[in-house]
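Keep the viewer open as you read.

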Amino acid sequence: MIRTGLYTFGFLRMTLATCVGIPLIIASNAFAQNPPPPPPPGAAPPPAAAEAERVIVTGSNIPTAEEVGPNPVDTYNRDSINKSGEFTTEQFLLSLPIANANVIPISNNENGSNTAVGAATIALRGFDARATLILLDGRRVAVYPTGNNPGLVNVMFVDLNSIPQAAIESIEILKDGASTTYGADAVAGVVNIKMRHRYDGAEARVEYGNTLDKDSGLFDSSAIFGVGKGDTNITGVLNYYHRNSIANRDRGFSAVPPFLSSNASPYNLQLSSDVVAAAGGKNLNPGGTEFASAPDFTNGLAPASRYLYDASTRVRAFGGLRPGFNFNQFSLSFPESERYGVYLSADHKVFGDQMVVYADGFYQNVKTHNELAAPATGSFETKGQTILAIPPNSPIAPGAEPPNTPTHAQTGLPADAFNPFNPFDQIISGGTRARLAEFGNRLFDNETDAWLSTVGVRGDKLFDGTWGYDAAFRYSQLKNTTTGTQVSASRFNRILNQADPIFDRTSPQFIGTTTAFNPFGDFRRPIVSNEATVEFARAHPTDIDTSKLATLDATMYTTALFNLPAGGVGLAFGGQFRRESLKERPDQLNVEGDIVGNSPVPTATGGRKAYAFYAETRIPIFSPTYKIPGFYGLEFTAGMRFEEFLNNDTNVLVPKVGMRWQPFDEQLTLRATWGEGFREPSLEELFGSPVSTLQVTHDPLKGGLLESETNTLISSNPNLQPEDSRSFSGGFVYTPKYVPGLTCSVDFWDIERTGVVIAPLDQQVLDGIAPGVVERDAGGFITRILIANQNFGSQEARGFDFGLNYQRATPWGTFTWLTQATYLDEFLFPQFIFAEFGPTPGNLAGRTTDPGLSNEGWYKWKGNSSLDWAWKGFDLVTIMRYIDGFHEFGPNLQRHYVHQTFFFDVQLSYDFTALLPVETQPIPGYSKGEKEVVRGKDGAPLETASAQTSNYSRSVLDHLLRGTIITIGCNDVFGQDPPPAFGEGGNGSGYPGFTYDATGRFVYARLTKKF
């Protein structure tokens, strides 16, 4: 069955009809007129215009020499990347105005069970990363083997950190849907990373930078070489990168988060009020339960009379007698990272340009070390997790437990279990919460091994010189190994029980101490006798996840299938077969749910096969060689793609049309596109292992009680259906001749997604507007919420892109001013309903993406403006970056505005080549190196052997200075801090941690040597 989406577009459809219809009407009249007269007999034919190089631009498979096409494409070359002051591909892309909300950064990234640690990617237009397709040299790569949960779903994505940054030549961003060209996922846009090929010469680069507040040093180095000027070319890249971490406690704005955890030390105990009274404490709820906590700085031996008590609220929590646990004193906001790898590219002309065999590949190793505060237990008795329980002071026979206390049957405690340090004669479990600070930080050491290889054959200028082809096989794989340092839940229960054999000297299980773990202390006053038990209960689970992708594709194209008066009709067609697989192999401790605070994580395996056929055409109606007034140039494009997914027997057919119109000359170009798209659910969404996470909730059954750490388990769903989408873009590019060097552009865009796969938020489940399961303890408090992925939502984004580029050469140097800005006029998400927003969410532009976290917002405005001055080897770049603010809510649901920010960067480079004299004639014995030898079309030198010999003898000074560039720079010159954010009290960093990081003012120096 072929499914095509039908939509009502309103004024967008009218706009497209106007853009396409008016030119067609005028064109039909033009064809009725007489064509331009032929030259008189005997007259010399007009001189042939120089043919510009044809290239394939992202968004089309037909080569073109046009500078501006129907599709809105931004191109960033190597020089742009270097001058940006950003040190990684992730940081560069996330700094662009087109990157709005729902990104996945390396800073403040989540950690836990089955989550991505140290990976990062970009998301366009405010949609999540699933709607953005990332390509390498126009082809797909394997996704990261575990998802990441930046918002409403566990997102699969291409990890930018697994791509060697030094091997990137340029980046093209198609700011439009492109499912007809590239298939699923190309909904909001395409990021095509083009790697280095046919490099000539060699280059070495070393860079060091550091923050001015605490140490977060960066070291980056690379070596690039290219050999071969004839039929065979080889390019290679070696790279190494290391960045030190940043701790939350090292920054004043993140040292204390908006909420302090109820998983605290001393523990928050839930006790029977009657048992408390019998022990000498306060009976605040006779016949019921209450909360208690040991006094500050206790040594673990305080009597019940010295404990702190509260009838309904945990003692150490928001609104409690004491503040909760400050986890930011122990956690990192920016992980330590190390990356190294190698990239190789080669091609060989078998029959000139008509047959070229090529191959490329890389290996990249990425290591990341991240830390969180010590394990948070959540409620000791959480359904689906290993129940934690502290035995009574002395053994209690099963069935003889005091009223309103946990039982042996309920907790699984042995009948003879006891803990001599327990001042209360009951089993302690239920809603008790603890921070196992004695066990130290949770450590996450992540290692990603990324492989990619491509083998193909391509040709150009076939038949009549207008045909070409490209066919290739690509295999890519990411293997991710995560090793953690955590606490085993089963062993933690054992060290609490003095009757366990591990404390018996005569037992083979003896761990070296006869004293049980004392859980009633304060981590700020360590208990020496706990050391052996702590070491016994520590666990080091290792998860291994693998993602693989194999593709086979072939494309045939021509720029002149046949000729019209305005030029040749372009055509491209081809097919693709794709096979992908995902394997998630959690450690057995995770499979059994034997990690404190985590639910069980089963193994997961999934795979998918798909094939596709696609075609596109470009039809010129008018051109500079065939024009009439008002139509200097006019062309239309059209494409379609059929794709079949064999795993669930679904298929889809999607179209796209476009227009390019130059009314007068090359100064003004109008363009527009419309297309439909689709997205097949990812293997993670269909088959992935469950994800344990924490969310902020206001419990309606407890009078809106704030719970900043609601335990949540999100599961995959094999019954998900594909998403549909449609997109429209229209705008103009203006390059006036009366202002040489000026180019300005405006593009309007509108993208809609339906059937969006999401996992509803906990609050939506509690409010009864989304399906899910709420689990509660005996006191009615939430212990866990279970949610599954589902086709639940629809989204629509609309806005404008603005661009201005002006370059002016003066006697004092060349000045280049570049400004880019994106305005998000509207982001609609009807299913994103929270009481804070009212009965309907309305336009979410300018609001937080998650009221319970506020790690980012849907920013209305985001822009960059740079001024570049180049003169006699000097190159000075200043950059201003603007990020708009957004509305959110504070801990008491009061409205709060996260203010906008301006950041300023500066960079200065000097190329020592400028010190060398510029020759007008070759001087024997000086200057010319091998790269500068003039050659003919056949590659043979045009100089005599003696002339070459003398010219190769360059001076030592020339060798030293030529190609040597020194760069210094400073990012965030004025040390602007991120704006404060609360997320209803659930924000863990104190600022929007997905948009900003804690780097602050950063200075760096770079040395580049080209040979």
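Which residue in S5 is the bridge partner of Leu 174? Val 190 is the one to click on. Bear in mind that this is a predicted model.

## The sheet around S4 and S5

That Leu 174 and Val 190 bridge belongs to the pairing of strand S4 (residues 168-174) with strand S5 (residues 189-195), which is antiparallel and runs over six bridges. Zoom out and you'll find an open sheet of four strands, ordered S2-S4-S5-S3, with mixed pairing. Strand S2 (73-77) and strand S3 (132-136) sit at the edges with a single partner strand each, so one side of each has no neighbour in the sheet. From one strand to the next, the twist averages 15 degrees.

Now jump ahead in the chain. Here four strands line up as S27-S28-S32-S31, again as an open sheet with mixed pairing. Its edge strands are strand S27 (691-699) and strand S31 (773-776), each of which pairs on one side only. The twist in this sheet averages 30 degrees from one strand to the next.

Inside it, strand S28 (residues 705-715) pairs with strand S32 (residues 782-788) in the parallel sense, over four bridges.

Phe 225, Val 227, Ile 234, Leu 238, Val 342 and Leu 344 make a nonpolar surface patch of about 480 Å².

What does S41 pair with? On record here are two antiparallel pairings: strand S6 (residues 201-211) pairs with S41 over nine bridges, and S40 pairs with S41 over eight bridges. For landmarks, Asn 210 has Val 1003 in S41 as its bridge partner, while Ile 965 has Thr 1008 in S41.

The loop between strand S40 (964-971) and strand S41 (1002-1010) holds Asp 997, which is partly exposed at 26% relative accessibility. Asp 997 touches Ser 107, Phe 334, Pro 978 and Tyr 991, leaving aside residues up to four places away in sequence. Phe 334 is worth a look: Asp 997 and Phe 334 are 663 residues apart in sequence, but 7.3 Å apart in space, C-alpha to C-alpha.

Pro 266 lies in the loop between strand S9 (246-247) and strand S10 (269-272).

Ser 854 has a phi of about 55 degrees and is in the loop between strand S34 (813-828) and strand S35 (861-871). For Lys 872, phi is near 50 degrees, and its loop runs between S35 and strand S36 (874-883). Buried or exposed: which is Ser 854, and which is Lys 872? Ser 854 is buried, at 0% relative accessibility, whereas Lys 872 is exposed, with a relative accessible area of 60%.

Note on methods:
Residues are numbered from 1 along each chain as its sequence is written. This is a predicted model: local features need pLDDT of at least 70, side-chain atom pairs count only at pLDDT 80 or more; totals for chains, interfaces and linings use all residues. Side-chain values use heavy atoms; hydrogens and water are left out. Two strands pair if DSSP finds at least two bridges between them. Axes are lines fitted to C-alpha atoms, for helices over the stretch in contact, and angles run from 0 to 180 degrees between N-to-C directions. Patches are made of residues with over 30% relative accessible area and no salt bridge: like charges are joined within 9 Å, nonpolar side chains (Val, Leu, Ile, Met, Phe, Trp, Tyr) within 5 Å. Accessible areas come from the Shrake-Rupley method with a 1.4 Å probe; for residues, only the protein chains shown count as cover. A salt bridge is a side-chain nitrogen of Lys or Arg within 4 Å of a carboxyl oxygen of Asp or Glu. Buried means under 20% relative accessible area, exposed over 50%, partly exposed in between (1.4 Å probe, protein chains only). Contact means heavy atoms within 4.5 Å.
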